[in-house]
Amino acid sequence: LLLAGRYDEATKTLFQALKLYPGDPEVRFWLATTISMGSPGPEQDKLLEVLKEQKGPPGLLFFGSLLGSRGDAAGAVTVLEAYVRVKPQDPIGWANLRKVYTALGRHEEAERARRNALKACGNDPGYAPLRRELMERPPP
């Protein structure tokens, strides 16, 4: 469903999975990811409210990423900066921070975030697509 871009259907299916496996972190991860990829609406609003209450690193990453995807780059920077302070080895956090810095015209900081993301990717083959994306410098 996700690969087909059917986010609303995927969200409903994952909410059903969450009822069956309420403590499963993978179900929660995919649910948050799916909601953040969909169109802004009540589900994203509900997710934002839940993520505001999450104090741990995964909550910060999803909250910052969702703020950025909804156009709140300034709010996303604050949250994602907090995330990379506690998880500096996560290339996804740095890559998301790069995007919001770029959106705000903070190109020197975007370049620093890009370099940090590349460093965090290391040689992990799982990050090869992200590494390729990061090899393109942000626009001036």
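Which side chain does Glu111 meet in a salt bridge? The partner is Arg114, with 2.8 Å from N to O. A salt bridge here is a side-chain nitrogen of Lys or Arg within 4 Å of a carboxyl oxygen of Asp or Glu.

Before going on, a word on what you're looking at. This is a predicted model, where local features need pLDDT of at least 70 and side-chain atom pairs count only at pLDDT 80 or more, while totals for chains, interfaces and linings use all residues. Residues are numbered from 1 along each chain as its sequence is written, and side-chain values use heavy atoms, with hydrogens and water left out.

**Charged pairs**

Back to that pair: Glu111 and Arg114 are separated by about one helical turn because they sit three residues apart in helix 7. Helices (H or I, at least four residues) are DSSP runs, numbered from the N terminus, as are strands (E, at least two). In general, an α-helix has 3.6 residues a turn, so residues three or four places apart point the same way. Both partners are buried: Glu111 has a relative accessible area of 14%, and Arg114 has 5%. Buried means under 20% relative accessible area, exposed over 50%, and partly exposed in between (1.4 Å probe, protein chains only).

The structure holds five salt bridges, and here are three of them:

| Salt bridge | N to O distance |
|---|---|
| Glu111 and Arg114 | 2.8 Å |
| Glu109 and Arg106 | 2.6 Å |
| Arg106 and Glu81 | 3.8 Å |

The Arg106 and Glu81 pair links distant parts of the chain, 25 residues apart. Arg106 is in the loop between helix 6 (91-103) and helix 7 (107-121), while Glu81 belongs to helix 5 (residues 73-86). Shared partners join Glu81, Arg106 and Glu109 into one network. Its members are partly exposed: Arg106 at 30% relative accessibility, Glu81 at 23% and Glu109 at 21%.

**Helix 5 and what covers it**

Among the buried residues of helix 5 are Ala73, Val77, Leu80 and Tyr83. The cover over its buried residues includes helix 4 (57-69) and helix 6.

Helix 4 has 13 residues and reaches 18 Å from its first C-alpha to its last, close to the 18 Å expected. Its buried residues include Gly59, Leu61, Phe62 and Phe63. Just after helix 4, Gly71 takes a positive phi of about 95°.

How do the two covering helices line up? The axes of helix 4 and helix 6 come within 10 Å and cross at roughly 25°. So helix 4 is roughly parallel to helix 6, a label for angles under 35 degrees. Such axes are lines fitted to C-alpha atoms over the stretch in contact, with angles running from 0 to 180 degrees between N-to-C directions.

On the helix 4 side, Leu61, Ser65 and Gly68 meet Ile92, Gly93, Asn96 and Val100 of helix 6. Asn96 is buried, with a relative accessible area of 17%. Leaving aside its neighbours within four places in sequence, Asn96 is in contact (heavy atoms within 4.5 Å) with Leu61, Ser65 and Leu80. Leu61 is also one of the buried residues of helix 4, and Leu80 is one of those in helix 5.

Technical notes. Parallel < 35°, antiparallel > 145°, perpendicular 65-115°, else oblique. Expected span 1.5 Å × (residues − 1).
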